[in-house]
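The structure comes first, then the details.

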Amino acid sequence: TVVIEDCKLTVVVAEVYFVAQEYTYNGQNQTLVVKAFNSSHEEISDGTISYSESNVKKDAGEYTFNVTLVHPTYGTVSEENVLIEIKKANLTITLDSQTKVYGDTDPALTYSVEGYKDGELTLTPTRAKGENVGQYAISVEYTNNNYNISIDDDAKLSITPAPLTITINNLEKEYGEKDPDFAYTVTGAKFEDNITCELTRESGETVGTYEINTTVENANYDVTINKGILEIKPANLTITLNSQTKVYGDTDPALTYSVEGYKDGELELTPTRVKGEDVGEYAISLAYTNPNYNISITEGAKLTINPLDISNSAVVTVLGSDFNLDATNGEAITPSVEVMLEENTITTYSLAYTNNNVVTNEATITVTFNGNYTGTKEVKFAISQYGQATIDGEALVNQFGVISEFTKKLPTEIN
């Protein structure tokens, strides 16, 4: 503004002020400028603005310049310490959550970046230490003065249980024996973990199958247990029946036996035999079952009933009788006998005669016992001639009789 008063020239410089422009870091060189405005807040666009130093800048920060405006109207206007700021860019780093199985190596810890202006950002996230099953915080450290950095720190590395298989061996034993040592195999252990198990089985000692099982408490593993079986097999049991003898008429002896392989103390059995009391052989047998044994019972045992020797106890009586015989031909006289044993009549015997032809006055009968009896006994008898029988007046046979030496019975008279 030019004012002329009283022929004097007064130059009044109009008010000029400078306004710095706003900038945000963009990874590139930026030319920082200020704009000049008059008192009416109108931009002074024609004129030249110079800076005390290069106004081309890249990094975020505050830059101070001495600024000078040269303008045909406003003249030369300067201002010192004009502040121009390149603001920091916003940078967001989002860490990705990850999972792995216990014992595996860590997966790559990844992330995403939003707002980075300088190409590709390479970071090295880390996680909290630990290898057991659980969650471990993932973090990253990054500083850069050109950015307002926001890091999402909710990411976790989750370690999940590893599969672990325990296979229990199948075993067997014989009834009555001690349990064998239980054994198992482990598949899937990590880090040389020493997985130990205490194996137990279902209770019971009789023949059958019993489950072998275990429990494993380890949070680092998802445990699968393949159960085992203990099979108790029958033991071998041999029963040998003993043959026995007795004499006819006696009571049976005890039917005895021997046992091999019995595991339960003393085995008491009751053998039986085929019924009968006459002389002969009677099979001895035994019925015994026990699911805990493979039972073998020997066959062939017998109770043999032997004949009773009655040589000294039997009473033999020659029965008196009459015979019509031809003495000239030396025919034999064969009287019958009666055999008594106590009050019983014995009928099982055979007779043999000695000197029993009609010309002998003393004869012998040998009684040989058979059937349920054995032994021999001799008895003597006398032969007496009584006369001669005639038929139609003709002499045909001589008439003889037997006198028992033992009973002294006279023979019946012959008429």
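The side chain of K377 comes within 2.5 Å of the backbone oxygen of A314. This is a predicted model. K377 sits in strand β41, which covers residues 376–391. Its relative accessibility is 24%, so K377 counts as partly exposed. Beyond its neighbours within four places in sequence, K377 is in contact with S311, N312, A314 and V316 among others. The list also includes I365, T366, V367 and F369.

F37 belongs to strand β6, residues 34–38. F37 is buried, because its relative accessible area is 16% and the cut-off for buried is under 20%. Neighbours within four places in sequence set aside, F37 is in contact with E15, V16, Y17, V19, E42, E43 and I44.

Both residues have a partner at some distance along the chain. The table gives the separations, with the spatial values taken C-alpha to C-alpha.

| Pair | Apart in sequence | Apart in space |
|---|---|---|
| F37 and E15 | 22 residues | 8.6 Å |
| K377 and V367 | 10 residues | 5.1 Å |

Now the sheet. Three strands form an open sheet in the order β21-β19-β24, and the pairing is mixed. Its edge strands are β21 (184–187) and β24 (221–226), each pairing on one side only. From one strand to the next, the twist averages 20°.

How many bridges join β19 to β21? There are four, and the two strands run antiparallel. Strand β19 spans residues 162–168. I168 has Y184 in β21 as its bridge partner.

Terms used
Residues are numbered from 1 along each chain as its sequence is written. This is a predicted model: local features need pLDDT of at least 70, side-chain atom pairs count only at pLDDT 80 or more; totals for chains, interfaces and linings use all residues. Side-chain values use heavy atoms; hydrogens and water are left out. Buried means under 20% relative accessible area, exposed over 50%, partly exposed in between (1.4 Å probe, protein chains only). Contact means heavy atoms within 4.5 Å. Two strands pair if DSSP finds at least two bridges between them. Axes are lines fitted to C-alpha atoms, for helices over the stretch in contact, and angles run from 0 to 180 degrees between N-to-C directions. A polar contact is a pair of N or O atoms within 3.5 Å; within protein, one must be able to donate a hydrogen and the other to accept it, and residues adjacent in sequence count only if both atoms are side-chain atoms.
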